[in-house]
Amino acid sequence: MKRMHKSSNPCNNGKSTRRNNGYGKVRDISSKNVLENPVLCAQFLRDNVKVPLFKNVRPEDIEDVSERYRPYLGTEFESDTVKRIWLHDEKGKNEPLFLISLTEHKSTVDYDVAMQLLKYMTCIWLEYSKEVEQKSEGVSGRKSFRYPVIIPVVYYEGKKPWTADRHFCERIAQSSLFPEWIPDFCYEVVSLHDYSNEELLERGNEMSLIMLFNKIQDAVDLSEFLKLPQEKLDRMIKDTPEAILNIIVTVMENLCMKVGASKEETVECVQRVKERRMGYMFENMEKMNIQEERKKTASAEKKAEQAEKKARETIIEVIVSICQEKGTSKEEVIDKVMEKCQLNRKTAEKKVDLYWKEIL
């Protein structure tokens with residue numbers, strides 16, 4: 001899911017509407033909207049998050065508590081979800097281990113996601129402490145008190161490999177020299193494109209079908225999807241409850257928009273989903289505009305990359321100028337540029353040389 005500019009209205013939940021080739025208003029559907037459904041969330045955790053305790057999680061074990069943390073994080077948090085997952089022991093007792101699963105959605109690699117997640121986690125722990133204090137004052141200060149485990153999960157839909165460090169300490173300079181004073185955690189990454197169409201198809205559930213739809217990002221992806229067996233696609237929604245089917249319908253509407261389907265084609269595809277006839281849904285489409293959309297996306301990405309490059313150059317120039325005024329050594333400035341701009345030493349040295357003003 002692409003990170004979008006968040007609305008300032010907390011009641012908006014990051015949802016918006018857009019037009020789909022005359023089909024009418026289509027609600028944007030994000031991974032957050034999908035994972036709000038406990039059945040889909042349970043499927044997502046069981047199949048994709050490599051945590052053994054999640055293998056038997058059920059929809060009734062999941063409580064969405066995202067709204068509870070809005071006052072702490074504001075609109076920045078609107079596209080993410082926080083779940084309380086009640087895990088049962090082997091005897092099935094109703095005294096489960098208490099966890100919170102935090103899901104952060106990304107469509108491009110974000111190298112600062114660990115810091116974002118730490119902020120989220122801290123807010124969750126603070127709110128948890130406040131919650132237990134309301135029930136029993138002073139309990140959080142007792143020796144026996146423990147905060148709940150938090151398992152951060154990044155759901156990544158981009159095609160490029162996820163190359164960001166997964167351990168928080170790796171975002172801290174010289175962390176290996178000061179391990180005792182640096183907090184650390186590791187987050188899980190669910191990378192959509194690590195799963196083949198065949199693997200998702202074999203799972204046979206609704207969440208995997210939605211992931212199949214989300215994988216379609218270009219003409220090649222669409223071509224590969226069309227090769228999937230009709231009967232297996234039909235089987236994935238054969239007994240789907242209406243509430244989940246409605247979510248899949250919205251995902252289909254957005255997919256039709258992405259591939260440039262006409263109003264008539266979109267109506268036909270949506271009707272096939274409603275009738276639980278998934279196979280050959282795109283067979284009558286006259287033209288796919290997805291290649292044109294790719295060109296637009298590539299152009300937008302290039303412009304964004306150029307703007308980012310320009311901004312980084314400005315930042316480097318400012319760093320060098322300020323550090324020189326403070327009398328900072330050139331080597332220390334190079335280290336700072338490496339840290340702030342995520343550059344290797346060779347590149348940082350060249351940039352510092354470029355903006356370093358020799359004092360006569």
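This is a predicted model: local features need pLDDT of at least 70, side-chain atom pairs count only at pLDDT 80 or more; totals for chains, interfaces and linings use all residues.
**Helix crossing, ring pairs and cysteines**

Helices H12 and H13 cross with right-handed geometry. Two packed helices are described by the angle between their axes and the distance between the axes. Here H12 covers residues 330-341 and H13 covers residues 345-355, and they pack at an angle of about 120° with their axes 9 Å apart. Roughly perpendicular ends at 115 degrees and roughly antiparallel begins over 145, so H12 and H13 are oblique to each other.

Next, the aromatic residues. How many aromatic pairs does the structure hold? The count is 8. Take Phe-44 and Tyr-155: their ring centres are 5.3 Å apart and the planes stand at 80°, so this pair is edge-to-face. Phe-44 belongs to helix H2, residues 38-48, while Tyr-155 belongs to strand E6, residues 149-156, so the pair ties together parts that are 111 residues apart in sequence. Are these two residues, Phe-44 and Tyr-155, buried or exposed? Both are buried.

Another pair is Trp-162 with Tyr-187. This one is also edge-to-face, at 6.5 Å centre to centre and with 90° between the planes. Trp-162 and Tyr-187 both sit in the loop between E6 and E7, where E7 is the strand at 188-191, and they are 25 residues apart. On burial, the cut-off is under 20% relative accessible area. Trp-162 has 15%, so it counts as buried. Tyr-187 has 0%, so it is buried as well.

Which residues do ring pairs link in it? They are Tyr-128, Phe-145 and Tyr-147.

The ring belongs to Tyr-195, and the charged end of Arg-203 sits 4.6 Å from the ring centre.

Last, the cysteines. A disulfide is a covalent bond between the sulfur atoms of two cysteines. Taking sulfur atoms within 2.5 Å as the test, the model has 0 disulfides. Two of the cysteines can be described by their accessibility. Cys-41 has a relative accessibility of 4%, so it counts as buried. For Cys-123 the value is 11%, so this residue counts as buried too.

To go back over the main points: H12 and H13 make a right-handed crossing at about 120°. Phe-44 and Tyr-155 form an edge-to-face pair, with both residues buried. The disulfide count is 0.

Terms used: Residues are numbered from 1 along each chain as its sequence is written. Side-chain values use heavy atoms; hydrogens and water are left out. Rings of Phe, Tyr and Trp (its six-membered ring) pair if their centres lie within 6.5 Å; planes under 30 degrees apart count as stacked, over 60 as edge-to-face and the rest as tilted. Helices (H or I, at least four residues) and strands (E, at least two) are DSSP runs, numbered from the N terminus. Buried means under 20% relative accessible area, exposed over 50%, partly exposed in between (1.4 Å probe, protein chains only). A charge sits over a ring if NZ of Lys or CZ of Arg is within 6 Å of the ring centre and within 35 degrees of the ring normal. Axes are lines fitted to C-alpha atoms, for helices over the stretch in contact, and angles run from 0 to 180 degrees between N-to-C directions. Angles under 35 degrees count as roughly parallel, over 145 as roughly antiparallel, 65 to 115 as roughly perpendicular and the rest as oblique. A crossing is left-handed if the near helix is turned anticlockwise from the far one by less than a right angle, and right-handed if clockwise.
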